[in-house]
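Please keep the sequence and the 3D view at hand while reading.

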Amino acid sequence: MKRFLFLGIFLLQLTGAFAQDNVIDRVEWVVGDKCILRSDIEEAIRFWQGNGRRFEGDPYCIVGEDLAVQQLFLHQASLDSIVVDEGEIMRKVEAQMSYVIQNIGSKEKMEEYFDKNSSEIREMYREQLYNMEMMERMKQKIVGDIKVSPVLVRRFYESLPKDSLPFVQQQVEVQVITLEPEIDIEELERVKGELREYTERITSGETSFSTLALLYSEDPGSARRGGELDFMGRGQLQPEFAAVAFSLTDPNKVSKIVETEYGFHIIQLMEKRGDRVKVRHILRKPQHSNENIKKMLLRLDSVAIDIKEGKFTFEEATEAISHDKETRNNYGIMYNKETASSHFKMDELPVDIARIVDRMSVGEISQPFTWLLDNGKTVCAIVKLRSKTDAHVATINDDYETLQYMYQAKLSDERIQEWIKEKQRNTYVRINRENRDCDFIYPNWNFFEE
């Protein structure tokens, strides 16, 4: 893989970035209308050194060029008016900050580690993830019309030396039926009662919203910040949450109770800026009783028995009763978003699913089990192992999708390399004279005189 692609990993693994030493900053590169500072290069070098990368050559040359190539993509993305989903970016930012806080131990330790306050850290993540998404969308635009036919894939396969054929890890296809246990009315009232109590304590001045959020909110990302969310637009929030958050006008008041797929919330306005709002919230999640979980497990057990006895198929049962929105209308087949296929390596499956599938044979239907979803909800499920392919050297008959992906990746990489070379010729570039003798991967930088 070409070196410029390392930059994607650098941007994505932001938690590895090191705080900068005090250096005298200067402009090392200018690409288009953007400057690359010495401090930018220093930060990237520290990241790679901290992750064990050895530089074969001057790291200032290597990393400086990496960042310059990044700017080629961002410059063109700006010219082409590439748009990214700000809501998705902010969700990634919040998830990343939550991950960092959990690993470091506290918000204060995170701020000390980065030598920045939480707002500055959040903005750092937002900018880096935004740039990463812009680059990916630009690359997709460059290679988006590449199509390969079965004939071309076969020719590609036949052209590969026998000792260069890819080794395909074990892969599985899995079908799933899920049922969500009911929540008792008493449990719903208990949670709502707690939220009403919090509202009364805040309104009476007994305690602050942020203190109660820190103590009781079940949203780990925002609880550590006193329930505080960053400025967000309507599209970045759950619709029910957004409707109430944007209706608030008085920062001293607490909203009515709001239900979303995550649970029940109360919200307090902090600030409005145009079409964006900053709020605090407290999330409480009603819990399924063991009895209701047991009821759903028993129901799924009966469904599995009926399928095995031929009363209906797994696919028919999925369409009729499954609560899983993503698979209900696709015969229950789970979809791997990373590979855009139905095939999963075992470590790509959700942990609760993988633990069950690992012991199954093709065509077998599992015993009912509980599955903890990413949103924190527990559902009951049964799965069917649709197919399993043992680890092997790729063949055209068994691994067409894998070979097709490899061939498309090869063509995409070649096109991106040509695009970079073309942009080198047509983009204004200026570099600090000390770096002009670097041994660059892309040697044809069209440097303008200073």
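Strand 1 and strand 12 run antiparallel and are joined by three bridges. Within this pairing, V30 has R430 of strand 12 as its bridge partner. Helices (H or I, at least four residues) and strands (E, at least two) are DSSP runs, numbered from the N terminus, and two strands pair if DSSP finds at least two bridges between them. The model is predicted: local features need pLDDT of at least 70, side-chain atom pairs count only at pLDDT 80 or more, and totals for chains, interfaces and linings use all residues. Residues are numbered from 1 along each chain as its sequence is written, and side-chain values use heavy atoms, with hydrogens and water left out.

Confidence comes next, given as pLDDT, the predictor's confidence in each residue on a scale from 0 to 100. The average pLDDT of the protein is 86, and 92% of the residues score at least 70. Residues 1-23 have a pLDDT below 50, and this stretch has 65 contacts in the model beyond near neighbours in sequence. Contact means heavy atoms within 4.5 Å.

Strand 1 also has a partner on its other pairing: strand 1 (residues 27-31) and strand 2 (residues 34-37) are antiparallel and share four bridges. V31 is bridged to K34 in strand 2. The two strands form a hairpin with two residues between them, and G32 in the turn has a positive phi of about 65°. Together, three strands make an open sheet in the order 2-1-12, with antiparallel pairing. Strand 2 and strand 12 (429-431) stand at the edges with a single partner strand each, so one side of each is left without a neighbour in the sheet. On average, neighbouring strands of this sheet are turned by 20° against each other, direction ignored.

Helix 3 lies across strand 1 and strand 2, at about 30° to strand 1. For such angles, axes are lines fitted to C-alpha atoms, for helices over the stretch in contact, and angles run from 0 to 180 degrees between N-to-C directions. Helix 3 also meets helix 15 (residues 400-426): their axes come within 11 Å and cross at roughly 85°. That makes helix 3 roughly perpendicular to helix 15; angles under 35 degrees count as roughly parallel, over 145 as roughly antiparallel, 65 to 115 as roughly perpendicular and the rest as oblique. On the helix 3 side the contact involves V69, L72, F73 and Q76, and on the helix 15 side I416, W419, I420 and K423. By class, this contact of helix 3 with helix 15 has six nonpolar residues, one polar and one charged. Here Ala, Val, Leu, Ile, Met, Phe, Trp, Tyr, Cys and Pro count as nonpolar, Asp, Glu, Lys and Arg as charged, and the others, Gly among them, as polar.

Another open sheet has four strands in the order 8-4-10-9, with antiparallel pairing. Strand 8 (344-345) and strand 9 (369-372) are at its edges, each with a single partner strand, so one side of each is left without a neighbour in the sheet. Strand 4 (residues 171-179) pairs with strand 8 in the antiparallel sense over two bridges, and V172 stands opposite F344 in strand 8. Helix 12 (residues 290-308) packs on this sheet, touching strand 4, strand 9 and strand 10 (378-389), and its direction makes about 35° with that of strand 10. Helix 13 (residues 314-321) packs there too, touching strand 4 and strand 10, with its direction at about 40° to that of strand 4.

Strand 5 (residues 258-260) and strand 6 (residues 263-273) pair antiparallel over three bridges, with two residues joining them in a hairpin. E259 is opposite F264 in strand 6. Strand 6 then pairs antiparallel with strand 7 (residues 276-284) over nine bridges, where I267 stands opposite H281. Two residues lie between the strands of this hairpin, and G274 takes a positive phi near 60°.

A helix pair remains. The axes of helix 8 (residues 185-203) and helix 9 (residues 209-216) come within 9 Å and cross at roughly 150°. Helix 8 and helix 9 are therefore roughly antiparallel to each other. Y198, R201 and I202 of helix 8 make the contact with F209, L212 and Y216 of helix 9.
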